[in-house]
Amino acid sequence: MSSDLYHARVTEPKTGEPLVFALHGTGGDENQFFDLAAQLVPNGGVISPRGDVSEMGANRFFKRSAEGVYDMADLARATEKMAAFIEAHAARHPESPVYAFGYSNGANILASVFLARPDLFDRVALLHPLVTWEAEAKPEMRGRKVLVSAGERDPITPWPMSEKLISWLRKAGAEVSTAIHPGGHELQRSEIAALASLFAEAHVPAQ
């Protein structure tokens, strides 16, 4: 396993504090959410990778042929690569819980990794994800804390798709919280507050 699979900004956690993976949206980079992650978990380590796919110059984590139409072979490649990247960083800090959040394209690759490897995570936040594929529930999803945020008038992530994902995760046994607003695809303060709440829950650092 290699922790150098992506170009990334990385800070090390204090002993026992969380690792926080921050995944940008289309056109973002490793700087988009790095500072936010550091603010949310001040003593944690932050790992913020840059997507390895370029869509007319915009960074992404996997290819697509149109809005909401994914290249499923490349999504599978990207899922395997991101899972290996997360696992390698987590192996360097076995005493640290693993948190992750992603927005838009970052939420989509994070959703794909979480659905395939829920064992890698303690808490996950999917901010405006669009999951278009069928997933299989895994026992490790039970008790995992997941936040899903969405806009009821999001033109990129239709509200019925968000509702479907939320319902599916709950049926799979995840502890799901939500941050829903009446707007579109933009991140709002209520979503950041919900993300902060998810990551602020007490944990016991390793001694």
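In what order do the seven strands of the open sheet run? I read S1-S3-S2-S8-S9-S10-S11, with mixed pairing. Strands here are DSSP E runs of at least two residues and helices are H or I runs of at least four, numbered from the N terminus; two strands pair if DSSP finds at least two bridges between them.

Ground rules I noted: this is a predicted model, where local features need pLDDT of at least 70 and side-chain atom pairs count only at pLDDT 80 or more, while totals for chains, interfaces and linings use all residues. Numbering starts from 1 along each chain as its sequence is written, and side-chain values use heavy atoms, leaving out hydrogens and water.

I then followed S8 (residues 98–103) and S9 (residues 123–127), which pair in the parallel sense over five bridges. Tyr-103 sits opposite Leu-127 in S9.

**Helices on the sheet.** I found H3 lying across S2 (19–23), S8, S9 and S10 (145–151), at about 140 degrees to S8. H5 (residues 189–200) also packs on the sheet, touching S2, S8, S9, S10 and S11. The direction of H5 makes about 180 degrees with that of S10. Contact means heavy atoms within 4.5 Å; axes are lines fitted to C-alpha atoms, for helices over the stretch in contact, and angles run from 0 to 180 degrees between N-to-C directions.

**H2 against H3.** The axes of H2 (residues 72–92) and H3 (residues 105–116) come within 9 Å and cross at roughly 75 degrees. That makes H2 roughly perpendicular to H3 (the label covers 65 to 115 degrees). On the H2 side I listed Leu-75, Ala-78, Thr-79, Met-82, Ala-83 and Ile-86, which meet Ile-109, Ser-112, Val-113 and Ala-116 in H3.

**Loop.** Pro-182 lies between S11 and H5. I looked up its C-alpha separation from Gly-151, 31 residues apart along the chain: 5.5 Å. Pro-182 also touches Glu-152 and Arg-153, not counting residues up to four places away in sequence.

Methods: Parallel < 35°, antiparallel > 145°, perpendicular 65-115°, else oblique.
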